[in-house]
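Here's a quick briefing to read alongside the coordinates. Have the viewer open and follow along, starting with the overall fold and ending at a single residue.

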Amino acid sequence: MFTAFDNFPALLIWLPLIGGLLSFLLKKEGMARIVSMASSLLTLVVVVASMIYAKPEHALLNQVSYVWLHGLGSSFSFLLDELTKTLCLLTAVIFPIVILIVKKKHYKNEHIFFGLLMLTQCGLMGVFMAADALVFYFFWELALIPVYFLSSIWGGEKRIKATFKFFIYTFIGSLLLLIGILYMYLQTEDNSFSIVSFYRVQLTLQQQFGLFFLFFSAFAIKMPIVPFHTWQPDAYEQAPTPVTMVLSGVMVKMGVFGVIRWLLPLFPLAVKEFNGPIILIISIGMIYASLIAIKQDSIKRLIAYSSIAHIGLMAAGVFALKEVAMQGVVLQMFNHGINIVALWVVADIIEKQTGVYKISELGGIATKAPVLSVFFVVAAMANIALPLTNAFVGEFMIFNGLFKYNPWIAALAGVSIILSAVYTLNMIKNVLYGSTSSATEGFVDAKNTHVIVFAVLVSFIIAIGIYPEPILHLIEKASNIPLYPYK
Amino acid sequence: MNVIILSAIWGVLMMYVGFIGKSKNLPTYVAIAGMIFLLVANWMEYLGISFFDINTKGMLVYDSFSLIFNQVMLISILVYFLLSGSQVSSFKNNVSDLYALMFFIITGISVVAGFKSLLMLFIGIEIISIPLYVLAGSEKSNLKSNEAALKYFLMGAFSTGLMLMGIAFLYGNAGTFMVEEIQLGATEITPMLSIGLILLLSSMSFKVSAAPFHFWTPDVYDGAPTVFTSFMATVVKSAAFFAFFKLFQNAFGNIKDEWGILVAVIAVFTLVIGNITAVFQQSLKRMLSYSSIAQAGFMLLGVFAMNTFAKQGLILYFAAYSLATIGIFAVLAKFKDHSIEAFNGFAKQHPVVAFGMLICILSLAGIPLTAGFFAKYFMLLGVIEQGNMIWLAIIAVICAAVSVYYYFRVLQAIYFKEAAPQTDISFSKPFGYLMLLNAALIIALGIHPDWLLSYLNM
């Protein structure tokens, strides 16, 4: 089936897959870590190379298609364009970081842990690059299965229940998506699942309404948008931190990506009809999530609820149907991945050292661990979207578009930004400052690998915050294509 | 035709094997050899080489659909013999007779596969059922097994009665037993035709354990010896479904608008009742009986859709469902305690067998990369192609999501829960490899179903 390695999409699928399968076989201490680290770094190299060398006009480098189910009109076809490249870059940056922060000998059966992690990466790459609806669905599900096992085996105390809830939620969503895909398939003229044939289908208003909800339910659960969010805080809290990073950093972007790649171009009439109410619900949901975040005492749950608010802003930006907002969303998808991983790294260090993640039981870390504290503050500033951080650029553009769409809605959504300052600064104050508690008495500053991770993440945060031009240039074209039917 | 005669002969041969050898495993080996022989014979018929030239006056006709169905059944039974053979031969006596009965059931299955006359349908279903009553009661000292056999017999006799009555009405209407002539005559709905149709629908629903005719299933499946529950729930159920599909396609295809909604309602009832009840089961064996009802609901969608997708999908569904269920039952048969908790910590002690079971469970739940996904996929595609019946597909997928709940409970027990190691359960190395082989088959069909479906000449 797969024979050619001379193009980027095939490499991006194969590298993590081979790395994952190899890791399963390498039971020897530490070998799996080296293999998965190598394969994830190679993936990063390939993504960067694709951004430099594979210009959009080089179709042969950016596209690949293998005959799969001939009779059904589905083929394994993948496509790298600007939108996918941004998300693939995010995936490829996050995974080495995740592998770096896994402590040696921390997890039992490390080789299986890394193997499943790499398979998740393969699934994510497939989702982002799929140019065929059935393949998209396949990878959409395949990204979920390893995460289910990772969280259920290595997660916290209530892991089985929390992960199960997460799984059932997303599974219902994806099955509804499957019905939508099958219905679309039967409408295509050439009986094909390819995205091009899907784009060509002419649908009546009524069909679009129905299909819109079938597709949207899957994406809304994945993002998640209030009221489909209840799986998320539990799953983030109970999953092992590396998995939570993947979940919150990359996986939730699958939902936003799905809306941009599939929903907007396929059902323009329905989107125009429903985008107003959806933005309103999302805005209220953002405020709701922020208010809950303020009341949280657990760092993990605070980050989880804050993530709901941020993802909500992206979803609102997508449905504003304005070019500038769309660019902001694509940029913010990348930024949010970096920022939330930065917060999880801090939460992980604090939890590993002190054994607690209750804000009320912490305090005074700033005097004990200056490096960690500086990093934490930078990450927190990025979470609030302060100027000179990456999130400022993205969220500013989203608000710009939202304001063009409707000033009142923009103002409503803006409330959650103010609230995000409240809970983030509150967390900073209570964790870093004040007097030390019994838990933070012997706190040691971050060293070695963690400092490398800090440096990488901070340089992303500051670089994009100060000079976003190169990445904006990249995503400019990506953001216009989905809005084509709305002009 | 090859399989009908050869399987009957091999069945008789099996009975003599009991006299010859003293070895406990000899009947199993002879049975496996017989299955391979039948597989080859059926394949030769597919390629156009028929060993026997018997004029059945058009009552039995084998096209590619029938022969591929036969092939799928034979492969499933071969896998069953390989995985569960040691369980069958652990019966105290008459092991070879048990195998002989199973070979007679194969005869019945291939009669059903090729029927073009209602008489042949009736004979086929009876040849399948009667040996099965005996198998269900083969654990003579066990009260539950006796009860299961009696219950199965009474219910089976009742539904057979319904079927005969239905056939009589149809004969009264059309003056013939040949399904194609019934099809030609069924241009308008007469009282006789509709009574006959409803009687046949009810009796077929009994056989495939569709709600509201499903009440016998959990008790019988639970009471019968686990090895034979495996056989009943997979191969026999698939054969009954094949008969159901073929009968309604060939005899009543023209008047589908009249009965389609009836089948849709039965499918919804079966899906909802099967899935919801399965959630509450504590015993894996009972859970699997309800899951078999739930899966029957999904297969009924194929009978409802009755198009090319449904045809392909049913063949795939039989393969996916049979392979997965046979795999799980083969492991379960080694357990004395059938509760789900008995599997706690199973993966730690038997990683290879646990992995095989994992793939089987994922396939039953319909997760992509396994055969079960494409089975459900085709059913949904068939239903959606009918146009205005999307609600049926939506109910089906919501039920599929419910099914994930109870299937994954087993997974959780196997992989995520801890328990003291059980010493009384052991698996031989070959058994582990066979489970892996079974898993490989399931995954192969899940990646590339065309490997099976391309043989169907549509």
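Take the contacts in chain B between residues at least 6 apart in sequence: 81% of them join residues at least 24 apart. Keep in mind that this is a predicted model. In secondary structure, chain B has 19 helices and 0 strands.

**Overall build of chain B**
- The radius of gyration is 21 Å, which agrees with the value near 23 Å that a compact globule of 458 residues would have.
- Burial covers 59% of the 458 residues of chain B.

**Where chain B meets chain A**
- On this interface, 22 residues of chain B contact 21 residues of chain A.
- Two or more residues each come from α16 (371-385), α17 and α19 (450-453) of chain B.
- Helix α17(B) gives the largest share of chain B's side, with 12 residues.
- By type, chain B's side splits into 19 nonpolar, 1 polar and 2 charged residues.

**A closer look at B:Ile390**
- You'll find B:Ile390 in helix α17 of chain B, which spans residues 390-415.
- B:Ile390 counts as partly exposed because it has 19 other C-beta atoms within 10 Å, while a buried residue needs 20 or more.
- Leaving out residues up to four places away in sequence, B:Ile390 touches A:Tyr183 and B:Ile384.
- B:Ser159 is 231 residues away from B:Ile390 along the chain, and their C-alpha atoms are 32 Å apart.

Notes: Residues numbered from 1 in each chain as written. Chains lettered and ligands numbered in written order. Predicted model: local features only at pLDDT ≥ 70, side-chain atom pairs only at ≥ 80, totals over all residues. Helix = DSSP H or I, 4+ residues; strand = E, 2+ residues; numbered from the N terminus. Buried ≥ 20, exposed ≤ 12 C-beta atoms within 10 Å, placed from the backbone. Contact = placed C-beta atoms within 7 Å. Nonpolar A, V, L, I, M, F, W, Y, C, P; charged D, E, K, R; others polar. Rg over C-alpha atoms; globule rule 2.2 N^0.38 Å.
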